[in-house]
Amino acid sequence: MKGVVLSSNPNKRREEKEGPVVSSDPVTFEILRSSFYSICEEMKSVIMRAAFSPLISLSSDLSCALADATGKVIAQGNDIAVHLGAMPNSIKGALEAVSPSRLKPKDAILTNDVYNGGSHLPDMTLITPLFFEGELIAYAVNRTHWPDVGGSAPGSSSVTQEIYQEGIRIPPVVMFKQGELDPQLSSLVLANVRVPEERLGDLHAQFAGNMRALERLEELIHRYGLEDVKKVMGETLGYSRALIEKEIQKIPDGRYAFEEYMDGDGYSAGPDGRGLRLCASIEVKGKSVQVDFTGSAAATKGPVNAPFAVTASSVYYTLLAVTNPSIPPNSGCYDPIDIIAPRGTIVCAEHPYPVVSANTETSNRIVDVLLGAFAQAIPEKVIGASYGSACIVTMGGVNPRTGTDFVHYETVGGGMGARPDRDGINGHRVHMGNTMNVPVEAVEAAFPVRVCAYELIQGSGGRGRHAGGCGVRRVYEALGPGIRFSVLCERALHPAWGLQGGESGRRAFIYIQDSRGDRTPLPSKVASVELARGSRLCIETAGGGGYGPVRERAEVEAHGVYPVVA
Amino acid sequence: MKGDSTPFQGAVHVGIDVGGTFTDLVAYDEGTRTTVFLKVHTTPTDPSEGVFEAFQQLKASHARGAVKRLVHATTIATNTLLQKRGAKTCLLTTRGFEDVLEIRRHNRPQMYNLFQEISPPLVPRRLRLGIAERIDARGDVLSPLDKSGLLEAIERMEEEGIESVAISFLHSYRNPLHEEEAREEILAHIPQAFVSCSHDVWPEFREYERTSTTVLNAYIRPSVDTYLERMGKRLSQEGVGSFSVMKSNGGLSSYDNARRFPVHLLESGPAAGMVSAAWLGKGLGIKNMIALDVGGTTAKAGIVTRGAPKVTTEFHADSVSHGTPVGGYPIRSPVIDLVEIGAGGGSVGWIDEAGILKVGPRSAGAVPGPACYGTGGNEPTFTDANLVLGYLDPENFHGGRTKLYRELAEKAIYDKVARFFGWSLEKAASAMVRIGRANLMEMVRLVSIQKGLDPRDFSLLAYGGAGPLHASTIAKDLNIRRTIVPPLAGVFSALGLLVAGVKHDLVRTRPYLTDEISPSEGPKAFADLKGQMTDLLKREGSSWSRVSMFRSVDMRYLGQVFELTVPIDGELGDPEEVRLLERKFEEKYKAAFHYSLPGSRVEIVNFRLTATIGDAVPGPDNLLKRISASTEERGEGVRRVFHGSRNEYIEVPVFRNGGVRAGGQIPGPALIDTADTTIFILEDQKGLVDERGCLVIESK
């Protein structure tokens, strides 16, 4: 069943006619257009306030969007990058499964299907059609990370072998019918997740967010009239598209290819021990871009296989980042982009391959590959490779002080690649995710763990005219027996490369140091290993790549920690 | 008011607010019950010059006798930070954690910008020195402070010529022993050094935020100290009885306390404005207000509910650079909650690559300023658009202090906007006004709707130079029933200085599960806080008898990562009190998040103590001069203004401040020119002047 996904944008529309982008009154256009974006922000704040899960309330791991009657995303909040491409794909998947003609006012479709527009199972998408006087004019959509969707491990995030270990899979179903939660469907879903009462609350919060979009849209229609609102919805797509096309035109035409290897999938370092191949060939032609991932590794046993939506998000993110990050994201600006991702590879996961960590690991490595390709065309807009990961550390066991179970989940920052005009940022979350760290004092107060060091690794950033950011060392000591941990990290085998003569950064290094001081190195993905009492787990994330030859660096010392040789 | 030179006869209270462009002074005389205000230009290189200039003018015109007290809202702390002119500072940390300051919370302020800047750490790596020592989460010493390492660090400080030192060791909120030992040793070697310890500045858990707060305190301390000390000396030579400073929490602090904890002064000026708003609301009997302050480059909005400004516990200073977020420097401590955006009279109109008109966030600022100022600006600004449409009087702007050149505004709008679209000047200017106003409206949404507050439950209070012109339109569009423009709208913030009381907040992290806390632990935590508070109050020259105390605790369900603050009456010395506290927490949690988790274990995290000393605050009836009554108003002429939706000029009656009397009704449309702002009343609205000179705008 191998095939090729030809187009990233499910609602692609190739209009080549020239003319003004916006024919509405430009002032009405600008006010309505920014209102659409502020509706997305408002949906988000409603969900954050009403959600049961503090993860949602505080880490704001959610994204909101408005789509037009055909399902094209017309506005999307400045949210999580890995949700960018997932929005249009999820809407498309949902509207194929549930025909719009069957939808009634205040219905809502729920889905988390990773093989049909989803990113990973904990990301739940809820889609509500918005009607005005009987006419379907738009959809409100939000994608919200549930802290747990069942599966083999609490938190639904660990090293898995098939999708069934990652939690419950929900194809598009009408979960709310005319404002009422379907009692049978919801009981089926909630019977399959941990702490179902809280998830029920999250689901209601998601619905409340979509209802807010309906109210705001009705207000706009009353003030500006239905025709103007619909017209601006359409023109908003053309507007973002025109902006991105102008940017693409500035990139010299040509074909730019790059390839790299991921460390492995938690079970092995790929078929030949070199890791898993990721490659992309970017063709820029006039106003359009085609990204072809043909040649990337076949899907693998561990959970690094990227659903298509994750791959698409990485492409959209990278293009916005290397052109103009202030272009308002919507389907219009994805229009000029074609993505070819062969089915059954690690950039287009198929059933039943596991996917859960592609969101944090593979996605960031795809960005580096794309940056490597774009560097050949527009080096002044591209940065060196970064640490390629979110570096997720989970720990669990029994807390000897309270006698109760504990689970702890955190991310560790690393080095960002050097920029053409300045150093990379040290110890920093990069690219596709952006949640915060957990304070050392909070970890130590809650868990039988001591943090022995949390520092930048001096000299770990790749040297260059501008240096890559430094990686981070975080060291944990087990204070009780039976503590198990998992790590999902990257770039232990292949360092972050530099650009324009800049040097590579230091590789990631993960090891256990026992109480006698002996070290046992570990691979960058580790599933459920026991850390003996008194032993230390040492995480050292990778440094970013440098930019430009090191001899051109004016002053080394002035940049503080950066690449002073240790 | 200004120009009136009746000599004062009683005790005199003076408030001086230093702003970006003007330094405002408000003085109140208990004897004649008169309020006087005056404005001088701010002197950026040494703001105290402007302060004394204003003070001397007051003495010359009114206050020949002694001034009882002077309250100051200062920009010295903010400017020291913004201009990065702080002291050469050294940071001592637990070894292995020297980089906590630089790693921050490791997230980034902008999602997609590869070239983003991050606020650089205020102490570079070579001056962040780790010392071997360790205390655990329960306050037990795991390894003692390494004295020889400390001595090496001190040697390093001496070599480097360090002026100020921040000390932040892990878990010092729980046990300050090592921080105290280190401070003692440093002072023994470098007696003139300023030493700020994290357990002293803000003893709350979360090492990055506590360290950041402490480092910022250390960084700005020498410069704030010099400034306040000089000012204090000079004021006492001038016979000023007491000198205090407005803090970010909306309370006053003696200058002695302010010098030790300058980090609490960063939002001094904006806090004064919100105190003013709350005080006026109380006087008018209005509990809920949205305060909107629009100046030249920024607009701020804040919320007053039940008579008090909304307060938040964390604030990021210096978090916006050239209109983009850069993270800033987090400060833990209560701060009046404000939303600030880059929008104001100076916001520039421009056209993006797809041919769409935008207004702001870039501002022409004070230099070169709007095109119509004639000071070299050639970009069209929000003020230029308002002038071209006839809303502003070129001869009467800022009470006639600034002359505006209409032809320069027209040229800028024509060149940069109208020509591109092929529009008339009026159409281009109307477009700029609509977009600029939509930005302000978005900000009002941000503080109200997006925080779950319905603007229909609020009145809009508009002040600052550029706010009152658009407030009535914003109110109408957001269904806010009533708009209030206070008298003295341009110096309104300074009024807050005269009416604020002393306020100190203290915190201490002491985690206890509510089902495990022993009867002695709560009282002990509060006793510690009370001891620290006594020390602060001593420096206020105040005794406990006049002090009101408020206790509260921060609580959460075990395992959660955020807390809710719950006020309490007792000290948790008996189990009944603790049960009551659990119930209060559950109620508050339910109100905030629509659910609770009955049966789950609850944790107390922080203990808080707030002390306030309310001075005899003059009410609005005293501070705002009563004005004589009248029943009808007649305009003093008309101005032709362009009506955007009708696409034609209409004639609007113009009223002058001073000519409008209490009880007077002004039917819209109308323009009111005051000494420092212009107010517009829409066609379907009417204005009512109350006896204190507040203009209340409602629909007809």
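**Salt bridges, a helix and a patch**

R128(B) has a relative accessible area of 1%, so it is buried. Keep in mind throughout that this is a predicted model.

What does R128(B) form a salt bridge with? The partner is E102(B), and the closest N and O atoms are 2.9 Å apart. E102(B) lies in helix 3 of chain B, residues 100-103, while R128(B) lies in strand 6 of chain B, residues 128-131, so the pair ties together parts that are 26 residues apart in sequence. Is E102(B) buried or exposed? E102(B) is buried, because its relative accessible area is 11%, and buried means under 20%.

Next, a second pair in chain B. D673(B) and R639(B) form a salt bridge, with 2.8 Å between the closest N and O atoms. Here two strands are involved: D673(B) sits in strand 32 of chain B, residues 670-673, and R639(B) in strand 29 of chain B, residues 638-643, so this pair ties together parts that are 34 residues apart in sequence. D673(B) is buried, at 4% relative accessible area. R639(B) counts as buried too, at 11% relative accessibility.

Some salt bridges share partners, and in that way E42(A), R212(A), E215(A), R216(A), E219(A) and R445(B) are joined into one network. You will notice residues of chain A and of chain B in that list.

Now a pair in chain A. The side chains of D421(A) and R422(A) meet in a salt bridge, at 3.0 Å from N to O. How is the cover here? R422(A) counts as partly exposed because its relative accessibility is 26%. D421(A) is also partly exposed, with a relative accessible area of 41%. For the overall count, a search of the whole structure finds 80 salt bridges over all chains.

Staying in chain A, look at helix 9, residues 358-374. How many of its residues are buried? The helix is mostly covered, with 17 of its 17 residues buried. From its first C-alpha to its last, helix 9 of chain A reaches 22 Å, close to the 24 Å expected at 1.5 Å a residue.

Last, the surface of chain B. Which residues form a negative surface patch? They are E152(B), E155(B), E158(B) and E159(B). Of these, E159(B) is placed in helix 4 of chain B, residues 147-160. E159(B) counts as exposed because its relative accessibility is 62%, and exposed means over 50%.

That is the end of the walk-through.

Note on methods
Residues numbered from 1 in each chain as written. Chains lettered and ligands numbered in written order. Predicted model: local features only at pLDDT ≥ 70, side-chain atom pairs only at ≥ 80, totals over all residues. Heavy atoms only, no water. Patch = residues over 30% accessible without salt bridge, like charges linked within 9 Å, V, L, I, M, F, W, Y side chains within 5 Å. Areas by Shrake-Rupley, 256 points an atom, 1.4 Å probe, with all protein chains shown as cover. Salt bridge = Lys/Arg side-chain N within 4 Å of Asp/Glu carboxyl O. Lys, Arg positive; Asp, Glu negative; His and termini not counted. Charge placed at Lys NZ, Arg CZ, Asp CG, Glu CD. Helix = DSSP H or I, 4+ residues; strand = E, 2+ residues; numbered from the N terminus. Buried < 20%, exposed > 50% of the residue type's maximum accessible area, 1.4 Å probe, protein only. Expected span 1.5 Å × (residues − 1).
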